[in-house]
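Q: Can you take me through this one? I'd like to go residue by residue, then zoom out.

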Amino acid sequence: MNTSNIEKRLEPSWLTSGAIAAWRRERVWLLSLTILAALFVWIPAQGMATAIFTLGNVAGIAPYLLLSIGLAAYAGATGADSLIARAFTGSPAKMIVLAALAGSLSPFCSCGVIPLIAALLTMGVPLSAVMAFWLASPIMDPSMFVLTAGVLGTEFAVAKTLAAIGIGMLGGAVTYGLMRAGRLSDPLRPGIGNGGCGGAKVRVPKEVVWRFWTEGPRLQKFGREALNTTLFLVKWLTLAFILESLMLAYMPASWVGSAVGGTGMGSIAIATLVGIPAYLNGYAAMPLVAGLMSQGMDGGAGMAFLVGGGVTSLPAAVAVFALVKRPVFALYMGLSLSGAFLAGVLFQLWLQI
């Protein structure tokens, strides 16, 4: 047989090539649709429940999504992102502390904070300050503080607030040290922005044109950046909420309770790790932790579970993985887990005093 004929047979057809290209380009949407389709075929009730849950959560996060993306696109189109970047060129320690404090007061969950983080990094805000805000934000907010005090006590609520601030500052400091060593440049994945170091925006400030719609290129840039970022984040958050729905359906609270219940340092470590797959939002997890603590579980394990689960839950991890490059993702997960474990240990030591 002719060699050229063999090579032609081995070459992928245009249909196969098109399918591969479509998968590479839209694999996240295709994966989400495949999961939903399988559920509707094999478990119709769960398929409907998952679809409703996903749509409801995407709709609930839409205001934060549109606001943060709109602000980022507006800042980029007008040139105001250079002003924002320069506002974060003061003392790194001061920026990190303020970001951690702001995060502990912000009303964002671990998934809801993703669009805002994307906007801040796109504007050129340093990753160290963003990381401090990012880690602190899902752990505590004013309404969470009130509910935590009511369910678990004021002492627990204050300790959890201090944990949020402390983990934020620790994460910001570690990130700043790595940045000083020349690591973590351009943290965002391609298609999300220009990175988060802010250096270029400070060194080469652009002219600010607040009425950007009067200039065609700036208007086009606004529309292009807003659309691309919206589509990118929505597809990953959709997959995250689908996974969350399935975990809530097939990972009962009784299993979580049996896994994290116990005493000693080992229980704190287990509670920290179980918080990753066993996603429970902060409001739903508190009654579970209160019940386990009434049955003898250490307060430190409860603290580690609430802190670790809030920051590193699997749906949030999926969204973070889609947003930033792998070294930043690994740093985020490492800081979250070590911070949750440390918070649990320190709270347990406090209770034993």
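Q: Where does Ile117 sit?
A: Ile117 is in helix H6, residues 114-123. Helices here are DSSP runs of H or I with at least four residues, strands are E runs of at least two, and numbering starts at the N terminus. This is a predicted model, where local features need pLDDT of at least 70, side-chain atom pairs count only at pLDDT 80 or more, and totals for chains, interfaces and linings use all residues. Residues are numbered from 1 along each chain as its sequence is written, and side-chain values use heavy atoms, with hydrogens and water left out.

Q: Is Ile117 buried or exposed?
A: Buried, because its relative accessibility is 0%. The cut-offs are under 20% relative accessible area for buried, over 50% for exposed and partly exposed in between, with a 1.4 Å probe and protein chains only.

Q: What is Ile117 in contact with, leaving aside neighbours within four places in sequence?
A: Val130, Phe133, Trp134 and Leu323. Contact means heavy atoms within 4.5 Å.

Q: And how far is Ile117 from Ile69?
A: The C-alpha atoms are 9.8 Å apart, and in sequence the two are 48 residues apart.

Q: Ser336 next. Which helix?
A: Helix H17, which covers residues 326-352. Ser336 counts as buried because its relative accessibility is 2%. Aside from neighbours within four places in sequence, Ser336 touches Leu135, Val311 and Thr312.

Q: What about Leu36?
A: Leu36 belongs to helix H2, residues 14-42. With a relative accessible area of 17%, Leu36 is buried.

Q: One more residue, Val274. Where is it?
A: In helix H13, residues 265-274. Val274 is buried, at 11% relative accessible area. From Val274 to Gly308 it is 34 residues in sequence and 8.5 Å between C-alpha atoms.

Q: Now helix packing. How do H5 and H9 cross?
A: The axes of H5 (residues 92-105) and H9 come within 8 Å and cross at roughly 145°. The axes are lines fitted to C-alpha atoms, for helices over the stretch in contact, and angles run from 0 to 180 degrees between N-to-C directions.

Q: Which residues make that contact?
A: On H5 they are Pro92, Ile96, Val97, Ala100, Leu101 and Ser104, and on H9 they are Ala164, Ile165, Gly168, Met169, Gly172, Ala173 and Tyr176. By class there are ten nonpolar, three polar and no charged residues. Nonpolar here is Ala, Val, Leu, Ile, Met, Phe, Trp, Tyr, Cys and Pro, charged is Asp, Glu, Lys and Arg, and the others, Gly among them, are polar.

Q: Zooming out, what is the secondary structure of the chain?
A: There are 17 helices and zero strands. Of the 353 residues, 47% count as buried. Among contacts between residues at least 6 apart in sequence, 82% join residues at least 24 apart.

Q: How confident is the predictor in the chain?
A: The mean pLDDT, a per-residue confidence from 0 to 100, is 78, and 76% of residues reach 70 or more.
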